[in-house]
Amino acid sequence: MKKYQILFLGLLFDALGFVSFIIPGVGEFSDIIWAPVSGWLMTKLYKGKEGRIAGVITFVEEALPGFDIIPSFTLMWIYTYFIKKEKPKDNA
C-alpha cells in the first residue's frame with residue numbers, strides 16, 4: 001500500500017471510532033466490536049513489532065470509555081512517515 005492510501009484508511013478508521021463516541025448509548029456497545037477490529041486493522045496496516053504494539057494500544061484506546069477521540073491510526077501514520085521516516089513499501 002502506498003503512503004497516502006494508508007493515511008486515508010487511517011483517517012477513515014479514526015472517524016469510525018469517533019462516530020461511536022458521539023452516539024450516546026450506542027457508542028459503548030459498538031466499541032465491544034470495534035476495539036478488536038481496530039486493533040487487527042492496525043496490525044494489517046503496519047507490519048512487525050511496531051504494528052503489533054500499535055494494535056494493542058489501539059485496542060485498549062477503543063475499549064476504554066471516553067478515549068475514542070484519540071486518532072490512533074493517524075498518530076501511527078505520523079510516527080511511521082515523519083518521526084521514524086519510513087519509506088513507503090508494499091504491505092502485501
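**Group meeting: helices α3 and α4**

I start with a helix pair: α3 and α4 pack at an angle of about 155°, and their axes are 10 Å apart. That makes α3 roughly antiparallel to α4. On terms, axes are lines fitted to C-alpha atoms, for helices over the stretch in contact, and angles run from 0 to 180 degrees between N-to-C directions. Angles under 35 degrees count as roughly parallel, over 145 as roughly antiparallel, 65 to 115 as roughly perpendicular, and the rest as oblique. Helices (H or I, at least four residues) and strands (E, at least two) are DSSP runs, numbered from the N terminus.

This is a predicted model, in which local features need pLDDT of at least 70 and side-chain atom pairs count only at pLDDT 80 or more, while totals for chains, interfaces and linings use all residues. Residues are numbered from 1 along each chain as its sequence is written, and side-chain values use heavy atoms, with hydrogens and water left out.

Now the overall picture. The protein chain has 4 helices and 0 strands, in the pattern α-α-α-α along the sequence. Of its 92 residues, 34% count as buried. Buried means under 20% relative accessible area, exposed over 50%, and partly exposed in between, with a 1.4 Å probe and protein chains only. Among contacts between residues at least 6 apart in sequence, 64% join residues at least 24 apart. A contact means heavy atoms within 4.5 Å.

Back to the pair. α3 passes α4 in a right-handed crossing. As for the convention, a crossing is left-handed if the near helix is turned anticlockwise from the far one by less than a right angle, and right-handed if clockwise.

Which residues of α3 and α4 meet? From α3 they are Glu 50, Gly 51, Ala 54, Thr 58 and Glu 61, and from α4 they are Ser 72, Phe 73, Met 76 and Tyr 79. The residues of this contact divide into 4 nonpolar, 3 polar and 2 charged. Here Ala, Val, Leu, Ile, Met, Phe, Trp, Tyr, Cys and Pro count as nonpolar, Asp, Glu, Lys and Arg as charged, and the others, Gly among them, as polar.

Take Thr 58, which is found in helix α3. Thr 58 is buried, with a relative accessible area of 1%. Leaving aside neighbours within four places in sequence, Thr 58 is in contact with Ser 38, Gly 39, Met 42, Ser 72 and Phe 73.

Next, the charged residues. How many salt bridges does the structure hold? The count is 1 salt bridge, and the partners are Lys 84 and Glu 50, with the closest N and O atoms 2.6 Å apart. Lys 84 lies in the segment after α4 (72-83) and Glu 50 in helix α3 (residues 48-63), so the pair ties together parts that are 34 residues apart in sequence. The criterion is a side-chain nitrogen of Lys or Arg within 4 Å of a carboxyl oxygen of Asp or Glu. Both ends are partly exposed: Lys 84 at 36% relative accessibility, and Glu 50 with a relative accessible area of 30%.

Now the buried part of α4. Its buried residues are Ser 72, Phe 73, Thr 74, Met 76, Trp 77, Thr 80 and Tyr 81. Trp 77 has a relative accessible area of 6%. Leaving aside neighbours within four places in sequence, Trp 77 is in contact with Lys 3, Tyr 4, Ile 6, Leu 7, Tyr 46 and Phe 82. The C-alpha atoms of Trp 77 and Leu 11 are separated by 9.6 Å, and these residues are 66 apart along the chain.

One of those contact partners is Ile 6, found in helix α1 (residues 3-22). Ile 6 is buried, with a relative accessible area of 0%. Its C-alpha atom is separated by 9.1 Å from that of Tyr 46, 40 residues apart along the chain.

Last, α2. Leu 45 is found in helix α2 (residues 26-45) and is buried, with a relative accessible area of 5%. The C-alpha atoms of Leu 45 and Met 76 are separated by 9.8 Å, at 31 residues apart along the chain.
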